[in-house]
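Hi,

Here is the structure I promised to pass on.

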Amino acid sequence: MSLEKVFFGFFILLALTLNFGFVLGEFDNPDHHNTLELLAVIIVNLVATVLKFGDRTQTGALLLASSLVADLQLFAAAVVWTYAIHIHTGGMDAMFMASIVSLAAGALLANIVSVVLVIIDTVNLRR
C-alpha cells in the first residue's frame with residue numbers, strides 16, 4: 001500500500017464530503033450554511049488540486065480539470081458571500097445564499113466526477 005495514494009484518496013474524499021456537508025440544508029437559508037465550512041471546503045479542494053499536478057495520463061488530466069472546476073466554483077461562491085456581507089447594503093439574503101449554494105453544488109458535482117474517475121482508475125489497475 002502506497003502512503004502517497006492513501007493521502008491522495010483521503011483529500012479527494014474529504015473534499016467531496018466537506019462539500020456535500022456545506023450544500024446540505026435548506027438552499028436559501030443562511031443559517032444552514034457555515035462560512036467556516038465553506039473555507040474548509042476551499043482549502044481542502046486546493047490541497048486536492050495540488051496533489052493532482054504531475055500526473056501526465058489522460059485520467060490525470062481529467063482529475064485536474066474537475067478539480068480546477070470545483071476550485072473556480074468555490075472561489076466564486078466565496079466572492080458572492082463576501083459581496084453579500086461586506087458590499088451589498090441589504091446584507092445576506094435568500095437570493096445570495098441560493099447563488100452560493102448553487103455554486104457549491106456545482107463544485108460538488110465536479111468532486112463527484114473526481115471520485116468516480118479515481119475509482120475507475122483503481123479498478124482498471126492490473127497487479
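**What I found**

Starting at the N terminus, the elements of the protein chain go α-α-α-α. In total the chain has 4 helices and 0 strands; helices (H or I, at least four residues) and strands (E, at least two) are DSSP runs, numbered from the N terminus. Taken along the principal axes, the C-alpha atoms fill a box of roughly 60 × 25 × 20 Å.

Before you go further, some ground rules. This is a predicted model, where local features need pLDDT of at least 70 and side-chain atom pairs count only at pLDDT 80 or more, while totals for chains, interfaces and linings use all residues. Residues are numbered from 1 along each chain as its sequence is written, and side-chain values use heavy atoms, with hydrogens and water left out.

An unreviewed UniProt entry puts "transmembrane region" on residues 35-54, 61-84 and 96-120. Those positions are in the numbering used here, feature names are shortened, and annotations may be inferred rather than shown by experiment. In the model, residues 35-54 are 90% helix and 0% strand, with 32 Å between the end C-alpha atoms. Residues 61-84 are 100% helix and 0% strand, and there the end C-alpha atoms lie 35 Å apart.

**How the helices pack**

Two packed helices are described by the angle between their axes and the distance between the axes. Here axes are lines fitted to C-alpha atoms, for helices over the stretch in contact, and angles run from 0 to 180 degrees between N-to-C directions.

Take helix H3 (residues 58-87) and helix H4 (residues 94-124): their axes come within 8 Å and cross at roughly 165°. That makes H3 roughly antiparallel to H4 (angles under 35 degrees count as roughly parallel, over 145 as roughly antiparallel, 65 to 115 as roughly perpendicular and the rest as oblique). The crossing of H3 with H4 is left-handed, meaning the near helix is turned anticlockwise from the far one by less than a right angle; clockwise would be right-handed. The H3 and H4 contact has 21 nonpolar, 8 polar and 1 charged residues (Ala, Val, Leu, Ile, Met, Phe, Trp, Tyr, Cys and Pro count as nonpolar, Asp, Glu, Lys and Arg as charged, and the others, Gly among them, as polar).

For H2 and H3, the axes come within 9 Å and cross at roughly 155°. So H2 is roughly antiparallel to H3, and their crossing is left-handed too.

**Pocket and cavity**

Both were searched for on a 1 Å grid over the protein atoms alone: a cavity is a set of points where a 1.4 Å probe fits but cannot get out, a pocket is an open set with protein on both sides within 12 Å along at least five of seven lines, and lining residues have an atom within 4 Å of a point. Grid points are joined across faces, edges and corners, and a volume is the space filled by probe spheres set on the points.

The largest pocket has a volume of about 710 Å³. Of its 23 lining residues, Lys-5, Phe-8, Val-118, Asp-121 and Thr-122 are the closest to the centre. Helix H1 (3-23), helix H2 (35-52), H3 and H4 each give at least two residues to that lining, with the largest share, 7 residues, from H1.

There is 1 cavity of 30 Å³ or more. Residues lining the largest cavity include Asn-45, Lys-52, Ser-67 and Asn-111, and H2 provides the largest share, 3 residues.

Cheers
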